[in-house]
Amino acid sequence: EDTGHAVFHSNTGGRIACVSCHPEAGDDGRVWTFSNTGARRTQTLLGTIKDTAPYHWGGDAPSMHTFAETVFNQRMGGQVLRGDQVGALQGWLEATKTPPVDVPSDTAAIARGKQLFASSAVGCTSCHSGPKLTNNQTVDVGTGGAFQVPSLLGVSAHAPFLHDGCAKTLLDRFGSCGGGDKHGHTSGLTEAEKKDLATYLESL
């Protein structure tokens with residue numbers, strides 16, 4: 001038996017399990033409203049957990065043990081997990097892979113978007129860097145508070161975007177709800193450049 005898989009799929013006692021919102025470690029595509037934090041877009045866990053602590057949009061879970069306590073025990077009403085069960089859960093989640101993406105056919109647009117993404121003038125890589133395209137920091141980018149920089153691996157499969165799901169498409173992320181120039185210096189980009197940048201993100 002895979003203990004981590006079993007914990008993830010187990011009924012916590014309230015007719016809910018981790019898999020209820022994270023199907024096979026993915027996401028349900030929904031925005032949930034929590035009394036203590038407000039609207040939060042369900043985050044995917046596929047291929048994004050390993051080496052990306054702290055967890056949650058608010059970066060309030062510095063370890064998997066804290067993650068299990070705040071979500072599995074407190075939010076979901078489940079039993080306290082033993083240390084070996086938390087370790088098994090972490091191992092199972094870290095073994096998941098990001099799903100394959102449908103890469104856009106416009107390779108020229110992808111190349112132009114990649115160049116913009118890497119540009120110091122635009123500044124995307126000041127936060128979205130490294131193998132998971134995140135620096136694991138909690139940053140205020142003008143979207144309503146300080147939030148954990150998410151991994152961009154497979155981002156195109158996880159609409160709506162941003163912590164509260166306000167961006168219905170990747171292109172919308174560069175609109176009014178995207179935080180303006182605190183979230184990358186994008187206000188000076190043309191509409192064509194924004195489309196190229198969105199196309200590049202779709203390829204990740």
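A: Let's start with R82, which is partly exposed at a relative accessible area of 48%. Here buried means under 20% relative accessible area, exposed means over 50%, and partly exposed lies in between (1.4 Å probe, protein chains only). The partner of R82 is D84, and the closest N and O atoms of this salt bridge are 2.9 Å apart. D84 is partly exposed too, with a relative accessible area of 47%. A salt bridge is counted when a side-chain nitrogen of Lys or Arg lies within 4 Å of a carboxyl oxygen of Asp or Glu.

Keep in mind that this is a predicted model: local features need pLDDT of at least 70, side-chain atom pairs count only at pLDDT 80 or more, and totals for chains, interfaces and linings use all residues. Residues are numbered from 1 along each chain as its sequence is written, and side-chain values use heavy atoms, leaving out hydrogens and water.

By the salt-bridge rule, the count comes to 5. Another one of them joins D27 and R41, at 2.8 Å from N to O. D27 lies in the loop between α2 (18–21) and β1 (31–34), while R41 belongs to strand β2 (residues 38–41), so this pair ties together parts that are 14 residues apart in sequence. Helices (H or I, at least four residues) and strands (E, at least two) are DSSP runs, numbered from the N terminus. D27 counts as buried at 16% relative accessibility, and R41 is buried at 4%.

Now look at helix α6 (residues 191–202), where K194 and E191 are 3 residues apart, about one helical turn. Their salt bridge has its closest N and O atoms 3.6 Å apart. K194 counts as buried, at 12% relative accessibility.
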